[in-house]
Amino acid sequence: MSTDKPRSLSASRKGKLRYTLRGGFDFDTMGHSRYHELRKFVKKGNDFCKELGNIMQERVELELHYAKTMSKLSVKLMKAAQKGIGSIQKAWLVIGKEMETDGQAHRCIANSLEDDIVKPLKNLQETHCRIKKTVECNVSKTKKCMNKWRTDERRSKKESFTVARENEKVQDMTSDASYSILTSNANLAKDATKLENKKRKLEESVKKSYTEYYTYCVRTARAK
């Protein structure tokens with residue numbers, strides 16, 4: 001025979017249990033704050049991509065400007081070298097060609113940066129903004145629906161409680177009337193019949209109100 005004693009809940013587990021049973025308001029507050037934290041996190045990522053794209057675009061413009069300047073200087077140097085005389089003329093022509101080659105290399109770097117980094121970042125940001133806008137719109141619609149369902153849930157809960165309380169009263173009255181029928185006259189039998197009919201109607205109303213309340217609870221929970 002087992003002699004294990006039932007273990008009591010620790011303070012942390014009790015806190016979690018209380019937190020679980022406190023209801024929808026705290027859950028909604030937590031979800032609301034986490035949603036806004038997520039929005040801030042996403043916005044930071046979007047801002048970072050935007051800033052990174054701007055920086056790389058400036059780098060592309062700088063590389064293109066450098067390539068253009070080197071090309072101009074190369075042309076000037078080669079013209080000057082062709083007019084020159086002496087043993088170093090060919091050396092300056094070679095340097096002019098090297099400057100043109102260097103400019104072409106930087107132009108290729110600029111094109112690569114634009115094709116591989118700037119444009120993909122721009123497309124990513126535009127796609128992200130479209131998705132973000134769609135998601136926020138859906139969240140807003142869902143929130144409106146959830147608020148409506150929560151209002152209906154509270155109303156249904158109140159109606160269900162009222163109907164259940166009235167049903168309990170009729171149940172007690174029916175029980176008393178049934179006892180009186182066993183001991184008394186036919187007038188009480190009519191009253192008992194009326195009470196039975198009323199009881200059946202109230203029982204149907206209770207079932208209907210419980211079903212309605214359960215439906216709104218499920219809808220609200222799913223919307224969360």
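**View 1. The largest nonpolar core has five residues: Met56, Val60, Ala110, Leu113 and Val118**. A nonpolar core is a set of buried Ala, Val, Leu, Ile, Met, Phe, Trp, Tyr and Cys residues joined through side-chain atoms within 4.5 Å. Buried means under 20% relative accessible area, exposed over 50%, and partly exposed in between (1.4 Å probe, protein chains only). Helices H2 and H3 each supply at least two residues of this core. The largest share, three residues, comes from H3. The model is predicted: local features need pLDDT of at least 70, side-chain atom pairs count only at pLDDT 80 or more, and totals for chains, interfaces and linings use all residues. Residues are numbered from 1 along each chain as its sequence is written, and side-chain values use heavy atoms, with hydrogens and water left out.

**View 2. Ala110 and the residues that it touches**. Leaving aside residues up to four places away in sequence, Ala110 is in contact (heavy atoms within 4.5 Å) with Val60, Glu63 and Leu64. Val60 is also listed with Ala110 in the core.

**View 3. Ile88, Trp92 and Ile95 form a nonpolar surface patch of about 280 Å²**. Patches are made of residues with over 30% relative accessible area and no salt bridge; like charges are joined within 9 Å, and nonpolar side chains (Val, Leu, Ile, Met, Phe, Trp, Tyr) within 5 Å. A salt bridge is a side-chain nitrogen of Lys or Arg within 4 Å of a carboxyl oxygen of Asp or Glu. Ile88 lies in the loop between helix H2 (24-83) and helix H3 (89-183). Ile88 counts as exposed because its relative accessibility is 51%.

View 4. Where pLDDT is low, the predicted coordinates should not be read in detail.

View 5. Helices (H or I, at least four residues) and strands (E, at least two) are DSSP runs, numbered from the N terminus. Of the 224 residues, 19% are buried. The average pLDDT is 77, and 75% of the residues score at least 70.

How values were computed: Areas by Shrake-Rupley, 256 points an atom, 1.4 Å probe, with all protein chains shown as cover. pLDDT = per-residue confidence, 0-100.
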